[in-house]
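Dear colleague,

Please find the structure below, followed by a description of what was found in it. I would be grateful if you would read the text with the model open beside it.

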Amino acid sequence: MICASGYTTLRAAALAFISWALFQPAAAQQFQGVPPPAPGRSALPVKPPSGPELLAELRKGGYVIYFRHTSTDFSRDDVKSRSDDDCDNQRPLTDKGREEARQIGAAFRELKIPIEKVLASPRCRTMETAMLAFGRAEKASEARGGHVRDPDPQRYAGLRQLLSTPRQPSTNLVIASHGNPFYATAGAPYLAEGEAAVIRPLGKDFEIVARVRHDAWRTLAKN
């Protein structure tokens, strides 16, 4: 039997837990089954360049630009999805996300950032992000990191190779994918929806040069 003071203590603890759960950062609530971050790595750039410096480098080419898809509807998920093409049973982009993708593409054209190839995870939200932004995309399972339910610890080996392989000068590779593969390959912190990591391939490894929010591309010419 619980006395009145004990009941009050339990009730206070329960309310405190509920309050904590409700006001956790969105990233802590949204992502289920997140893989561990790549050990010994940070996805933050060591020495972020200024906007004009980054823009000048991207115009020279030789980089990988890894996008997490733009804003999605978190009231839906992929649990019932039967295949990559089963868009009705996947978490979709929102109208806001579609507009974000269009604005990313418009900014790339205005800034004259050269793109050689656009690879995308075969999921519908990543393909749609790439198509709306750049008007083209090649499905690439390695951009996602193997099969969506693959438990193999080496499932991200193909993605690591994409991020590490030197690119031709005067152009860049774009990858439209998800937060989990980047987190598992490059480390924390997690990419926001629509955020991109600018990556310099080093042959057997890679480094993060910059991170750019979906709405910050046009500011590169100003900062």
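**Aromatic pairs**

The structure holds seven aromatic pairs. Rings of Phe, Tyr and Trp (its six-membered ring) pair if their centres lie within 6.5 Å; planes under 30 degrees apart count as stacked, over 60 as edge-to-face and the rest as tilted. Please note that this is a predicted model, in which local features need pLDDT of at least 70 and side-chain atom pairs count only at pLDDT 80 or more, while totals for chains, interfaces and linings use all residues. Residues are numbered from 1 along each chain as its sequence is written, and side-chain values use heavy atoms, with hydrogens and water left out.

Why is the pair of Phe67 and Phe108 tilted? The ring centres of Phe67 and Phe108 are 6.0 Å apart and the planes are at 55 degrees, so this pair counts as tilted. Phe67 belongs to strand E1 and Phe108 to helix H4, 41 residues apart, and the pair thus links distant parts of the chain. Helices (H or I, at least four residues) and strands (E, at least two) are DSSP runs, numbered from the N terminus. Phe67 and Phe108 are both buried, where buried means under 20% relative accessible area, exposed over 50%, and partly exposed in between (1.4 Å probe, protein chains only).

Another tilted pair is formed by Tyr183 and Tyr190, with 5.3 Å from centre to centre and 50 degrees between the planes. Tyr183 counts as buried because its relative accessibility is 16%; Tyr190 counts as buried because its relative accessibility is 18%. Ring pairs also join Phe67, Phe108, Phe134 and Trp217 into a cluster.

**The nonpolar cores**

A nonpolar core is a set of buried Ala, Val, Leu, Ile, Met, Phe, Trp, Tyr and Cys residues joined through side-chain atoms within 4.5 Å. The largest such core has 29 residues, of which Ile65, Phe67, Phe108, Ile113, Val198 and Trp217 touch the most other members. Among the elements that each supply at least two residues of this core are helix H3 (51-60), strand E1 (64-68), helix H4 (95-111) and strand E5 (196-201). The largest share, five residues, comes from H4.

Not counting residues up to four places away in sequence, Ile65 touches several residues, including Leu58, Phe108, Ile113 and Trp217; contact means heavy atoms within 4.5 Å. A second, separate core of 18 residues includes Ala43, Leu119, Phe182 and Leu191.

Which backbone oxygen atoms lie 2.9 Å from a polar atom of the side chain of Arg211? One belongs to Pro189, and another belongs to Tyr190. Each is a polar contact, defined as a pair of N or O atoms within 3.5 Å; within protein, one must be able to donate a hydrogen and the other to accept it, and residues adjacent in sequence count only if both atoms are side-chain atoms. Arg211 itself is found in strand E6. Leaving aside neighbours within four places in sequence, Arg211 is in contact with residues including Ala43, Phe182 and Leu191.

Asp86 lies in the loop between E1 and H4. Asp86 is buried, with a relative accessible area of 10%. Its side chain reaches the backbone nitrogen of Arg82 at 3.0 Å. Not counting residues up to four places away in sequence, Asp86 touches Lys80, Ser81 and Cys124.
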